[in-house]
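I ask you to look at the sequence and the structure together while I talk.

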Amino acid sequence: MKVKRRFRPTAGNVFVETIDDPEKVGRIIIPEQARNKDMPSIGIVFAVGGKLKTKKGVFVDPEFWVGQKVLFRKYSGTFCDIGDKHLVQIKIHDVLCVLK
């Protein structure tokens, strides 16, 4: 099912589609208990809100765009399912880096 993007997050927020942790690497299956649950999550940016206003009153553009792969804090944000997509709504400040 294809999800239509008929929404836009508010300024300072971003929707990220989560990518599940790999269950196996090559031919090696990683058991559930061996996966590190405290590591940051990886996801693909689904929607980005408007410019963010700093404390000095200056508006700043986000440093990432829709479709980029990002690393974000594991337990930040609100999870929601839209269609078959598993999305997390997080603050722009919770995005740690853009992966290339």
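I shall go through the confidence, the sheet, the core and finally some single residues.

This is a predicted model, in which local features need pLDDT of at least 70, side-chain atom pairs count only at pLDDT 80 or more, and totals for chains, interfaces and linings use all residues. Residues are numbered from 1 along each chain as its sequence is written, and side-chain values use heavy atoms, with hydrogens and water left out.

Let me begin with confidence. The term pLDDT stands for the predictor's confidence in each residue, from 0 to 100. Its mean over the chain is 81, and 76% of the residues reach 70 or more. Helices (H or I, at least four residues) and strands (E, at least two) are DSSP runs, numbered from the N terminus. Among the elements of the chain, the highest mean pLDDT, 91, belongs to strand S1 (residues 13-18), and the lowest, 56, to strand S2 (residues 24-25).

Next, the sheet. Two strands pair if DSSP finds at least two bridges between them. Six strands form an open sheet with antiparallel pairing, in the order S8-S9-S1-S4-S7-S10. Strands S8 (78-82) and S10 (95-99) are at the edges; each has a single partner strand, so one side of each lacks a neighbour in the sheet. Within the sheet, S1 and S4 are joined in the antiparallel sense by 5 bridges. Glutamate 17, for instance, has isoleucine 44 in S4 as its bridge partner.

We come to the interior. Buried means under 20% relative accessible area, exposed over 50%, and partly exposed in between (1.4 Å probe, protein chains only). A nonpolar core is a set of buried Ala, Val, Leu, Ile, Met, Phe, Trp, Tyr and Cys residues joined through side-chain atoms within 4.5 Å. The largest one has 11 residues, among them Val14, Val45, Phe72 and Ile92. At least two residues of this core come from each of S1, S4, strand S7 (69-72) and strand S9 (85-91).

Now consider serine 41, which lies in strand S4 (residues 41-48). Is serine 41 buried or exposed? Serine 41 is buried, because its relative accessible area is 13%. Setting aside residues up to four places away in sequence, serine 41 touches (heavy atoms within 4.5 Å) Val70, Leu71, Phe72 and Lys74.

Finally, the cysteines. Cysteine 80 is partly exposed at 26% relative accessibility, and cysteine 97 is partly exposed at 31%. How many disulfides (pairs of cysteine sulfur atoms within 2.5 Å) does a search of the whole structure find? The search finds 0.

How values were computed
Disulfide = S-S within 2.5 Å.
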